[in-house]
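The following questions and answers examine selected local features of a protein model. Please consult the sequence and the structure shown here while reading.

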Protein chains: 6
Amino acid sequence: MTADYEAITLLEEDNVAWITFNRPDRLNALNDQLLEELGHALDFLATSDSRVIVIRGSGRAFSAGYDVGSDSNEIGYAHERSPVEDRDRQLANIDLFLKVWRHPLPVITSVHGFCMAGATQLCVFSDITIVAEDAVIAASPAVPIGGGFISPLWATIVGPKRAKLMSFDAGHRISGVTAVEWGWATEAVPADALDEHVRALALSIARTPTAILKLKKEAINRVSELQGLVTIGRMGAETDALLHLTPEVQLLQNLIKERGLKGAIAHFNSGEMKF
Amino acid sequence: MTADYEAITLLEEDNVAWITFNRPDRLNALNDQLLEELGHALDFLATSDSRVIVIRGSGRAFSAGYDVGSDSNEIGYAHERSPVEDRDRQLANIDLFLKVWRHPLPVITSVHGFCMAGATQLCVFSDITIVAEDAVIAASPAVPIGGGFISPLWATIVGPKRAKLMSFDAGHRISGVTAVEWGWATEAVPADALDEHVRALALSIARTPTAILKLKKEAINRVSELQGLVTIGRMGAETDALLHLTPEVQLLQNLIKERGLKGAIAHFNSGEMKF
Amino acid sequence: MTADYEAITLLEEDNVAWITFNRPDRLNALNDQLLEELGHALDFLATSDSRVIVIRGSGRAFSAGYDVGSDSNEIGYAHERSPVEDRDRQLANIDLFLKVWRHPLPVITSVHGFCMAGATQLCVFSDITIVAEDAVIAASPAVPIGGGFISPLWATIVGPKRAKLMSFDAGHRISGVTAVEWGWATEAVPADALDEHVRALALSIARTPTAILKLKKEAINRVSELQGLVTIGRMGAETDALLHLTPEVQLLQNLIKERGLKGAIAHFNSGEMKF
Amino acid sequence: MTADYEAITLLEEDNVAWITFNRPDRLNALNDQLLEELGHALDFLATSDSRVIVIRGSGRAFSAGYDVGSDSNEIGYAHERSPVEDRDRQLANIDLFLKVWRHPLPVITSVHGFCMAGATQLCVFSDITIVAEDAVIAASPAVPIGGGFISPLWATIVGPKRAKLMSFDAGHRISGVTAVEWGWATEAVPADALDEHVRALALSIARTPTAILKLKKEAINRVSELQGLVTIGRMGAETDALLHLTPEVQLLQNLIKERGLKGAIAHFNSGEMKF
Amino acid sequence: MTADYEAITLLEEDNVAWITFNRPDRLNALNDQLLEELGHALDFLATSDSRVIVIRGSGRAFSAGYDVGSDSNEIGYAHERSPVEDRDRQLANIDLFLKVWRHPLPVITSVHGFCMAGATQLCVFSDITIVAEDAVIAASPAVPIGGGFISPLWATIVGPKRAKLMSFDAGHRISGVTAVEWGWATEAVPADALDEHVRALALSIARTPTAILKLKKEAINRVSELQGLVTIGRMGAETDALLHLTPEVQLLQNLIKERGLKGAIAHFNSGEMKF
Amino acid sequence: MTADYEAITLLEEDNVAWITFNRPDRLNALNDQLLEELGHALDFLATSDSRVIVIRGSGRAFSAGYDVGSDSNEIGYAHERSPVEDRDRQLANIDLFLKVWRHPLPVITSVHGFCMAGATQLCVFSDITIVAEDAVIAASPAVPIGGGFISPLWATIVGPKRAKLMSFDAGHRISGVTAVEWGWATEAVPADALDEHVRALALSIARTPTAILKLKKEAINRVSELQGLVTIGRMGAETDALLHLTPEVQLLQNLIKERGLKGAIAHFNSGEMKF
C-alpha cells in the first residue's frame, strides 16, 4: 500500500524515513484519509531499515489541524452520530498519535508555516520538534468548536499558565521562536534551513543503534507517563465530545457550515455573537 | 456588600470584572480584611455576567504579600494562639486561592511593581499572569519568617532549581521579563501598557462562551492536580506553622516587632545575627 | 580522613564548604575514588558548621562524567561481573547523588568547562546549579555506551523534548546560556566571574538559619519526588545495565578499549560502524 | 435554619452530631432539598461544639441514591438543559461530598437497609462507614442511566476488579458483611445494634481533641488525594453527563418515565430491550 | 482465520464470546501460537456483536503460564538473542494483555485448576476474574527464572505485602478462596458451577449497552493507570530481561533443560543448589 | 559491635538472620539504643551471608512502640528542644525504617503479643509480616500524643477507611486475624507455631538467590513508591512535630509524666479531660 498513499508521501533515504503530508491545497488539514495513511506508514516503518522518522508538511504549512472545512466530516459529526461514537472518533486520533509516542524509532516533527490545533497534538507526542523560526503555532482553533482535547497536552510540556493562554484565547498564535523558548519545540531555524537542519539531526541520531535508542526513548517516556500523559490525552476525548453537544459549540459549528471557516472566524471575532 | 468593599474595589465592565487591591499605602499587603473581601467578590462573580476576572493592585505595587508590618496580625500570631490555629489560618489562605483555581471564570493576575511572597501564591493559582517588564517579584520575604509555604507552589511551574534559588536566598528578586522566561508569568509588557494589554486579552478571551472556557480550565487544571498541586499547597500550611515555632523564626519575628520591617531587613542582611 | 582526600579537596570558609574535584588531568572524571571521597565529605558536612555546600571542578572542567577511559573500571565492567552487580554499581551512584538531594544543607553545583553525562546527574540532584556562560554541557556521552540512566533525570527539569534531543543525539552539547534558558541551570555568568558569583550567593543563602533552609529544601523536594524523581533515578540503573549487555554497546566499549576514547568517537562519528 | 430542616434532621448530643436523612417514604433518595440541607448542616457543624458527625437514614434505608423517580429532577434533566449544566449539577454533588471529606470533624456514615448508587459516593467520601450486616449495597443503579461517576470512587478503596463487578453488572448488590471484607466499610454489626455501636465509637473518637483529629484526618486524606481521588471524583461528572446524552441512556430514562422505576427495572432485566 | 485457531477456540453465543485455551496436554501453557491467536481473537471481537468476552482454559487448568518446558522458546531465549530482543518479546506479552485492558468489551477471566505466573498477568489485566474455589494460583514459577515482571502487577491489586510473599517464595500457591479474600479475584464458586456462574454473570452484564459499558470501563481503568499500572507493566519487561542474563537464572534455565521442569523443581527445592 | 548489642540480639543461622528485640521488661519499646542497634545490624547484614532477615520481639510482645514511659526521651522532648530538632528525630526513625524497605535482603517481621504505634511503622516498611492469630495491634497509642505519623502509612496498605478507624479511635486494637484480612499482615498462625512457620518461610525464600530477590523487591517497592509512600512517611515527621507543640498534646504528655502511662490512659478514657 506504500505506493498507494495519496494524502501523505513516504520516502526512505539514508536510514531516515520522511513522511510528508500531501494535502497542500487544504494546508494539510488532518482528514480521515491522511490519518489512516499516517497510521499505516508508522506500522510499516516499525520493521523497516530506517532509524529515524521525520514528519513534515508539503506546501505552505505543516498542518492546519483537523479538517474543519464546512464540507468536512468534523463539522456536524456529533449531531449525526451518538456522543460515544464522537468520543471514540476523538480517542482514535489520540491512539494514532500514541503510535508515534510508542514507536520504536525516534520521531521528529519538522514544522513550518501553520501548525494549528490538532496538528499540535501530533507534535506533543512526537519525540523532537524542530520549527521554522517564523512558524505560526496555535493550540486552539480560531473558532472554539470543542475543548479540553489539545491544551492539556500542551500543559504537560509548557506548564499550566502558557497552556491556558493558548486555550482560553481562541486562535492565540506563537512563533517558532517562542515555541522553543517555552520548550514546546526543541530548536528553531530559519524556514529555508529547516529541511537541511532536520536531515543533519536525523543522520546524527541514526549513528546510534535502534536497540539503544528504543530504550532511551522508553525511559524518557516513562517520566511523562508517570505524570499522567496518556490518561490526560485519552480523557480529552470525553471532554471534547461533551462540549460538541453544547448549544454554544453547535452554534459555532453551524456558523462554519453557513459562512465557511473564514466567514465564521470574522463573525466570531466581531464580538457580535450572543451565547 | 459589593458596595461596601474597602480593601478592594470591584468593577464590572464589558464582561470583564476588575478586582483591584485598594491598600496602596501598605503596598496592598494582604491583611484579613482584604482576603475576606477578595473571597466575597469571587463568590459574587461566580454568578455574574462577567466572563473574565482580572486581579490587580492600585498604586505602586501589585501586592507586598501577607501584611507583616510590626502592627499586623501576622507577626506574633503563632505565639498567641495554638499551632493548629496558626496552621488553619495559613490553610484558609490556600483555600481562598483555590477559589481562584476552581472559579468557573478565567482569572488573570495583572502584576506591576512589587509582587512578593504570599502575593505570588495567588498568582500561581490564577490562570494567566501578565506582568510589567519591570515588575519586581520575590517568592521569599526579605526576612525569612516561615518556609515551605510558597516556593513549592513555584516549583510546580518553574521546576525545583529556580524555586530553590527563590526560596533559599531570602528576598531574591526577579523581573517581570525573567518571570516570563521562566514560565511563571505568561507575557510581559511595558508597565504603562499593562492595563490596556490585559483589557484586550480579557476581551479576546470573553469571545468564547463561559461553558466552553469552564471545561477548558478544568481540563488543564487536572494536569497540575494529578501532579499533586493541591496537596502541595495544603501541606505548606503545616510546614510553615511548624517553622513559626522555631526559635530562629521567633527571633526574626521579634526583630520585626522591635525595629520595624526595614530595620529588620537591614539587620538580617548585615550577617550579624547569631542563630 | 578529611585531610587524606586526594580526588577531591574540601575547604570550609565563612560558613561555606567548597568541595573541589581534584583530577584535573582527567577532566575530573568520576572514578570510584572520587565518588567515595565525595560521599565521605557529604557525610562529614552534615554535622559541620558550614551552612551551604558548593561542588566545583579544578582545572579546565567541572567533570567529564564517569571515567570511561580505556583503562577505567567502567569499560568492560558488565562483562566481567554479573548484570546485577553492574546494576548495583550504577544504583550506588544514584544513591550517592541522593545524598546531595537529601543533604540538610543547600548544595550548589558550580559548573565551568565540560560537564558531561554522569556529571549532569549530580547537577540534577543538586539544589542550585550556577554555570559559566560558555560551559559545555552534554547528557549523553559522545559514544553511547548505555542509556536510560541520565536523560530521564533531565526530563524531570527540562521536559521530554529537550531531554530526548540530548539523549538521542549522542554527545549533543548545549552552552551554559542555553542550560539556563531551559531551567536546567539557575543562573549563567561569565566564566571568570563564576567563583565570585557563587561565593556571594552562598553567603547570601547562609544568612538564613539551617533549620529553616532544611525544611524549605524538603518542601520543594517533595514536588519532584511526588512526580517520581527518585524512582526514575533508580530505574535507570536497570535500563543501563541491560543495555551494557547488548552487542551494540559491547561493540562500542570494545572500540573504546582498542582505539581510546578519542579514536572511538572519531570512528563512531564516521558513520562507518555497522550494528 | 437548623430548625427548618425538612429533608434531614440534625441532633447534637454529647459532642456527637447526628444528621438523619428524613425522607423515609422515598427511601431517603437524595433530592435537591436534601442535598442542600446536608450542605448547610455540614457548614453549621464546622464551628459547633460537636466533635464527631454521624450521617444515617430514617426508616428502612440509609438512602436509595439520587432520586430517579419518574417525577424527579434527575430524569430528563440532560434533555432540558445544556450538557455543561448537567455536568455542573453532577459536579456540585461531588463538591458537596467533598465537604464531608474536607470537614474538620470526623464523619461516620451509619448504613442500614439500602445504600444505592449516589449514596455510596457519600460513603466513600466519609471517613468511617459502619454497616448493618444485612445492609444492601449497590454502586450501579438497577437501570444504568449513566456511568463513570460512582464506581471509579469505589475503585480507590476496593480495587479495580470489585469496582468493575459492581459497575458492569447493573444493580449488583453486596451485603454489609461483604462490604467490610472488601474494606469499603469498616465494621459490620447486626442491624439492631448499629445505632448503639456507632454511638459508642463516636464517643470513643470524641475523647481525642478536634485539633489532633483534624490533622490526623488531613494526613490520611493526603494518601488518597496523591493517588488522584479528587480528580477522579470530578472527572466522573463529565463522563456521566456525556453518557446522559447517548440514545441508550435516553431510552432507559424514557422507560423510567413511562413505566415508573419498578416497571423499568423489570423490563430492563427481561433482556428484551434492543439497543 | 477464526476457523483456523488451533491453540484456542472461539465461540460466540447469546452475545457472549468464549475464548477457550486449547492446549490441555500442556496445561494451556502460553506459547507463541496461543498468544498470537488470542491477540487475533481480541481484535476480531472488537467489532463483533458480542457484548462480553470470557477467557477460560480447557482440560485441567486455566493456564500454567508461559511455556517453560525444556523444549519451549522461553528457555534459552535470552542466550540466543540480544537482551533488547528478549525485552521486546516480554514487552509484546504485556502489550497483548493491554489489549484486554483496553478492549471495548468487558473481559472476564474464568479460572479453574492451575493459574500460574504469566497466566496471572492476563488475569490482572482482565476486568473481572471468577475463580473455582479450589483453583491453584501462583505468581512466581516454581523455579524462579526471572523477576519483576509479574508480582508488581499483583501489588497494584493486593498490596505490596501479599505480592512480596507470592514473589519471594517461589511457587507459593493460594487457593481461589484466598484470591477472592485478597481482592485479586472477584468471586469464587465451586469448580463444577464455574461455567454456569460465569455465563449468568456475562449475560447479566450484557443487559447494559456496550456504549455505556465502554465508558464505565475506561473510567475505572483511569484509577489504576493514574497509579502507574501501565508503566509498571512495561518496566517489568526490562527487569525480567536483565535477570535472564544473570548467572543465577542461567543456572536455573540450564537445570530445566537438563532435568525437565519437574526434575528442576525437585532439585531447586532440595536446597542443594549453590548460587 | 555485633557482640555488644544489648537492646537487640542478632543470630545468623542457616542463611536466616534473626534480629530479636531484647527489652522484654519494657515490652520491647523502641528507645534510642534499640533503634541505633537495629540500624547497625541492618547495615551489617547487607554484606553477610544471610539471605533473609527476621525481626521479632522477646518476651510477651513484638514491641509496644516508641518508649513513652514517663522516664523516656519521648515525653517532653519537644519542649526541651526546637521543633525542627523534634522533626529531625522523627524523620530519623522513618529513615531507619527505610533501611528495612531498601535493604537488599527480604525482611520479615514476626509479630506476637503487642505491636503498637511506632512498631507498626516498622512492620509497614518490612516486606512480609507474619502474625500470631492473637496478636494485639494498634496504630494509635492509647493516649494520642501526636498524629499523622503512623496511620497514613497504614492507609497505603489497608486503605483510608480502616486507617482512619485505627487513627481516630485512640488505642483501637485489631487481632492478628483481622490484620491478615485487611492485608496489613500476610499470614496468621497460632502464637506457638509462629517461630516455626516463619523459619520455614524464611528458608523457602532463601532457596532463591539474593540477586534475584533483590530485583523482585525493588520492582514491587516501586509500585508503592510511585504512589507516594516515601513522601508520605517523611511528611509525617512534620505533622507529628507540629502536633507535639499543641496545648492538647502537651496536656496529655504532662498527664503521662504525672500519672505514668497506665494512670494517663485511665484518665484519658474517663472522658473527664477538658481540652
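Q: In which helix of chain E does Asn93(E) lie?
A: The model is a predicted one, in which local features need pLDDT of at least 70, side-chain atom pairs count only at pLDDT 80 or more, and totals for chains, interfaces and linings use all residues. Residues are numbered from 1 along each chain as its sequence is written, chains are lettered from A and ligands numbered from 1 in the order in which they are written, and side-chain values use heavy atoms, with hydrogens and water left out. Helices (H or I, at least four residues) and strands (E, at least two) are DSSP runs numbered from the N terminus. On that basis, Asn93(E) belongs to helix 3.

Q: Is Asn93(E) buried or exposed?
A: Buried means under 20% relative accessible area, exposed means over 50%, and partly exposed lies in between (1.4 Å probe, protein chains only). Because its relative accessible area is 9%, Asn93(E) is classed as buried.

Q: Which residues does Asn93(E) contact, leaving aside its neighbours within four places in sequence?
A: Contact means heavy atoms within 4.5 Å. The C-alpha atoms of Asn93(E) and Glu36(E), 57 residues apart along the chain, are 9.7 Å from each other. Under the contact criterion, the partners of Asn93(E) beyond four places in sequence are Leu35(E) and Tyr66(E).

Q: How many residues apart are Trp101(B) and Phe125(B)?
A: Trp101(B) counts as buried at 1% relative accessibility, and Phe125(B) counts as buried at 0%. The pair links distant parts of the chain, with Trp101(B) in helix 3 (residues 83-102) of chain B and Phe125(B) in helix 4 (residues 118-125) of chain B, and the separation is 24 residues.

Q: Why is the pair of Trp101(E) and Phe125(E) edge-to-face?
A: Trp101(E) is buried, with a relative accessible area of 1%, and Phe125(E) is buried at 0%. The ring centres of Trp101(E) and Phe125(E) are 6.1 Å apart, and the pair is edge-to-face because the planes stand at 80°.

Q: Which residues does Arg222(F) touch, not counting residues up to four places away in sequence?
A: Arg222(F) is located in helix 8 (residues 210-226) of chain F. Arg222(F) is buried, with a relative accessible area of 4%. Its partners are Thr231(C), Met235(C), Glu238(C), Met235(E) and Thr239(E).

Q: Where in chain D is Asn28(D) placed?
A: Although it is not a glycine, Asn28(D) has a positive phi of about 55°. At 0% relative accessibility, Asn28(D) counts as buried. Its place is the loop between strand 2 (16-21) and helix 1 (32-45) of chain D.

Q: What is the phi of Leu27(F)?
A: Leu27(F) sits in the loop between strand 2 (16-21) and helix 1 (32-45) of chain F. Leu27(F) is not a glycine, yet its phi is positive, at about 50°.

Conventions: Rings of Phe, Tyr and Trp (its six-membered ring) pair if their centres lie within 6.5 Å; planes under 30 degrees apart count as stacked, over 60 as edge-to-face and the rest as tilted.
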